[in-house]
Amino acid sequence: MIPAFCTAWKQLTGHNVIVLFAAVGGVGVQAFLPMNHADYLPPVADSTVQYSHIFEYIAASYQCAKNLAGRERLSLGGSYWVSCQGEGDIGNSQYETYYREVTDCLSALGFQTGALVETSSTIGEAAYYPYVEKMHNYQVALATESADICLGSSLDYDRYLPDRTTYEKTETMQEKWGGISYRSAYRMASWYVDTLSWNRVHLNSAALSQMGRDAAKNLAAVVGTK
């Protein structure tokens with residue numbers, strides 16, 4: 001996703017990109033708040049995913065990047081963020097509030113605006129469908145109602161498909177897939193994910209690259225091109 005974003009950004013804006021990578025897989029949005037923030041959620045001691053100091057790392061990396069640019073006599077045109085996050089917050093009714101708290105903290109550092117890349121969940125499963133739809137609504141609302149957030153890409157949500165029963169009982173889901181049979185829809189949804197049947201949540205490189213290109217195009221349209 002990141003190399004594709006950088007390539008597209010260069011083509012669209014004429015500018016190179018300094019990337020600060022600060023992703024931790026499987027953590028909720030509150031993990032990206034400063035550790036002294038009232039809503040910061042510390043990791044559970046016996047959790048398989050350990051995290052801490054994510055925001056502090058972002059702040060330190062951002063300052064280091066600015067220092068490096070100064071030493072190398074590089075002119076920084078702008079500071080922007082891209083997020084691809086949300087699956088770990090399935091069922092989090094306060095997602096919009098916490099997400100805005102994170103972006104407010106990023107703004108305080110000096111980031112001007114950003115692109116929200118939608119997420120979903122594993123295709124073919126029934127349990128998560130209502131939560132995926134809620135997350136979709138949360139993320140679209142954040143991108144459409146916030147002046148400093150644009151919708152970077154909806155590809156992950158667009159390719160999402162629940163179980164057969166839910167699909168055949170849900171008119172809006174069938175409309176999303178053009179009324180095709182569940183078998184055909186599942187085959188198409190599978191184009192975007194890992195080839196292993198037990199790993200149908202992780203997107204493949206083609207899908208991630210497209211999300212990167214989408215995010216670059218939509219963010220560039222907001223902040224201006226060359």
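Contact here means heavy atoms within 4.5 Å. The structure shown is a predicted model.

**View 1. The open sheet of three strands.**
The sheet has 3 strands in the order β1-β2-β3, and their pairing is parallel. β1 (80-84) and β3 (149-153) are the edge strands, each pairing on one side only. From one strand to the next, the twist averages 25 degrees. β1 is joined by 5 bridges to β2 (residues 113-117), and the two strands run parallel. In this part of the sheet, tryptophan 81 stands opposite glycine 114 of β2.

**View 2. Two helices against the sheet.**
Helix α3 (residues 95-109) packs on the sheet and touches β1, β2 and β3. The direction of α3 makes about 155 degrees with that of β1. Helix α9 (residues 205-223) also lies across β1, β2 and β3. α9 runs at about 150 degrees to β3.

**View 3. Helix α2 and its buried side.**
Helix α2 (residues 54-71) is made of 18 residues. From its first C-alpha to its last, α2 reaches 26 Å, close to the 26 Å expected at 1.5 Å a residue. Its buried residues are Ile54, Phe55, Ile58, Ser61, Tyr62, Ala65 and Ala69. These residues are on the same side of α2 because they cover an arc of only 120 degrees around the axis. An α-helix has 3.6 residues a turn, so residues three or four places apart point the same way. What covers the buried residues of α2 includes α3. The face turned away from the buried side carries the exposed residues Gly70 and Arg71. Just after α2, arginine 73 takes a positive phi of about 60 degrees.

**View 4. The largest nonpolar core.**
This core has 27 residues, of which Phe5, Trp9, Leu161, Tyr167, Trp177 and Leu219 touch the most other members. At least two residues each are supplied by α1 (2-13), β2, α4 (129-145), α5 (155-158), α8 (182-190) and α9. The largest share, 6 residues, comes from α9. Another core, of 25 residues, lies apart from this one, and among its members are Val27, Phe55, Tyr99 and Phe111.

**View 5. The surroundings of leucine 161.**
Leaving aside neighbours within four places in sequence, leucine 161 is in contact with Thr122, Ile123, Gly124 and Glu125, among others. Its contacts also include Tyr167, Trp177, Tyr182, Ala185, Tyr186 and Ala189. Leu161, Tyr167 and Trp177 are among the residues that touch the most other members of the largest nonpolar core.

Definitions and conventions. Residues numbered from 1 in each chain as written. Predicted model: local features only at pLDDT ≥ 70, side-chain atom pairs only at ≥ 80, totals over all residues. Heavy atoms only, no water. Pairing = 2+ DSSP bridges. Helix = DSSP H or I, 4+ residues; strand = E, 2+ residues; numbered from the N terminus. Axes fitted to C-alpha atoms, helices over the stretch in contact; angles between N-to-C directions. Expected span 1.5 Å × (residues − 1). Buried < 20%, exposed > 50% of the residue type's maximum accessible area, 1.4 Å probe, protein only. Arc of directions from axis to C-beta. Core = buried A, V, L, I, M, F, W, Y, C linked by side-chain atoms within 4.5 Å.
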